[in-house]
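Here is a short briefing to read alongside the model. Keep the viewer open and follow the topics one by one.

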Amino acid sequence: MTNLINMSEREYFAQFAKRTGMFIGRTSLTGATAFMMGYDEAAQRYGGPGLTGWREWLMANHQVGTNLVWEAQVRQVALPAAQQGYRDLTPEEEAHVLKVLFELLDRFRAEREGTAPEQ
């Protein structure tokens, strides 16, 4: 068993990406977002960086709406040609958005930790 306690935030989120269902049950964008928001709140409460700067990083590195929450920004990056506005995603779209979410999150964490993104 991997010890999640002693991991960097980047390593922790890599484990979350690999085994999302283990952390939240049914894997979904909504579930992953809720988990990450809860993680962020807990991390900041106990002195960790959490996701501080994540939304701003998305705005600085991608053409996303500045008035959107980060989940909607990730959807914009992953599905740029899709009709904007909230709508239910197809299972294929949701899987793609989750993949993009975890790739972007790894790049964000790598930049924050001064390491190279995983390939």
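In this predicted model, the largest nonpolar core has 27 residues. Met 36, Trp 54, Val 74 and Leu 101 are the members with the most contacts inside that core. As general background, nonpolar side chains in soluble globular proteins tend to be buried together.

- H6 supplies the largest share of the core, with eight residues.
- Leu 101 is in contact with Leu 29, Ala 32, Met 36, Trp 54, Trp 70 and Val 74, once its neighbours within four places in sequence are left aside.
- Val 74 is in helix H5, and with a relative accessibility of 1% Val 74 counts as buried.
- Leaving out residues up to four places away in sequence, Val 74 touches Trp 54, Leu 58, Val 97, Leu 101 and Leu 104.
- Val 74 and Leu 101 are 27 residues apart along the chain, and their C-alpha atoms are separated by 6.1 Å.

**How H4 meets H6**

- Two packed helices are described by the angle between their axes and the distance between the axes.
- For H4 and H6, the axes come within 11 Å and cross at roughly 100°.
- An angle from 65 to 115 degrees counts as roughly perpendicular, and H4 and H6 are therefore roughly perpendicular to each other.
- On the H4 side, the contact is made by Trp 54, Trp 57 and Leu 58.
- On the H6 side, the contact is made by Leu 101, Leu 104, Leu 105, Arg 107, Phe 108, Glu 111 and Arg 112.
- Sorted by class, the contact of H4 with H6 has seven nonpolar residues, three charged residues and no polar ones.

**How H1 meets H6**

- The axes of H1 and H6 come within 9 Å and cross at roughly 170°.
- Angles over 145 degrees count as roughly antiparallel, and that makes H1 roughly antiparallel to H6.
- From H1, the residues that meet H6 are Glu 9, Arg 10, Phe 13, Phe 16 and Ala 17.
- Their counterparts in H6 are Phe 102, Leu 105, Asp 106, Arg 109, Ala 110 and Glu 113.
- The contact of H1 with H6 divides into six nonpolar and five charged residues, with no polar ones.

- Helix H1 (residues 9-18) is mostly covered, with seven of its 10 residues buried.
- The buried residues of H1 are Glu 9, Arg 10, Tyr 12, Phe 13, Ala 14, Gln 15 and Phe 16.
- H2, H3 and H6 are among the elements that cover these buried residues of H1.
- Arg 109 is in helix H6, and Arg 109 is buried, with a relative accessible area of 5%.
- Not counting residues up to four places away in sequence, Arg 109 touches Glu 9, Arg 10, Phe 13, Pro 49 and Gly 50.
- Glu 113 is also found in helix H6, but Glu 113 counts as partly exposed at 30% relative accessibility.
- Glu 113 touches Ser 8, Glu 9 and Arg 10, again not counting residues up to four places away in sequence.
- The C-alpha atoms of Glu 113 and Ala 14 are separated by 14 Å, and these two residues are 99 residues apart along the chain.

**Aromatic pairs**

- The structure holds 12 aromatic pairs.
- The rings of Phe 23 and Phe 35 have their centres 5.5 Å apart and their planes at 70°, so this pair is edge-to-face.
- Phe 23 lies in helix H2 (residues 20-24) and Phe 35 in helix H3 (residues 29-45), so the pair ties together parts that are 12 residues apart in sequence.
- Trp 57 and Phe 108 also form an edge-to-face pair, at 5.8 Å centre to centre and with 65° between the planes.
- Trp 57 lies in helix H4 (residues 54-61) and Phe 108 in helix H6 (residues 91-113), so this pair ties together parts that are 51 residues apart in sequence.
- Trp 57 is buried at a relative accessible area of 5%, and Phe 108 is buried at 0%.
- Ring pairs link Tyr 12, Phe 13, Phe 16, Phe 23, Phe 35, Tyr 39 and Phe 102 into a cluster.

Terms used:
Residues are numbered from 1 along each chain as its sequence is written. This is a predicted model: local features need pLDDT of at least 70, side-chain atom pairs count only at pLDDT 80 or more; totals for chains, interfaces and linings use all residues. Side-chain values use heavy atoms; hydrogens and water are left out. Rings of Phe, Tyr and Trp (its six-membered ring) pair if their centres lie within 6.5 Å; planes under 30 degrees apart count as stacked, over 60 as edge-to-face and the rest as tilted. Helices (H or I, at least four residues) and strands (E, at least two) are DSSP runs, numbered from the N terminus. Buried means under 20% relative accessible area, exposed over 50%, partly exposed in between (1.4 Å probe, protein chains only). Contact means heavy atoms within 4.5 Å. Axes are lines fitted to C-alpha atoms, for helices over the stretch in contact, and angles run from 0 to 180 degrees between N-to-C directions. Angles under 35 degrees count as roughly parallel, over 145 as roughly antiparallel, 65 to 115 as roughly perpendicular and the rest as oblique. Ala, Val, Leu, Ile, Met, Phe, Trp, Tyr, Cys and Pro count as nonpolar, Asp, Glu, Lys and Arg as charged, and the others, Gly among them, as polar. A nonpolar core is a set of buried Ala, Val, Leu, Ile, Met, Phe, Trp, Tyr and Cys residues joined through side-chain atoms within 4.5 Å.
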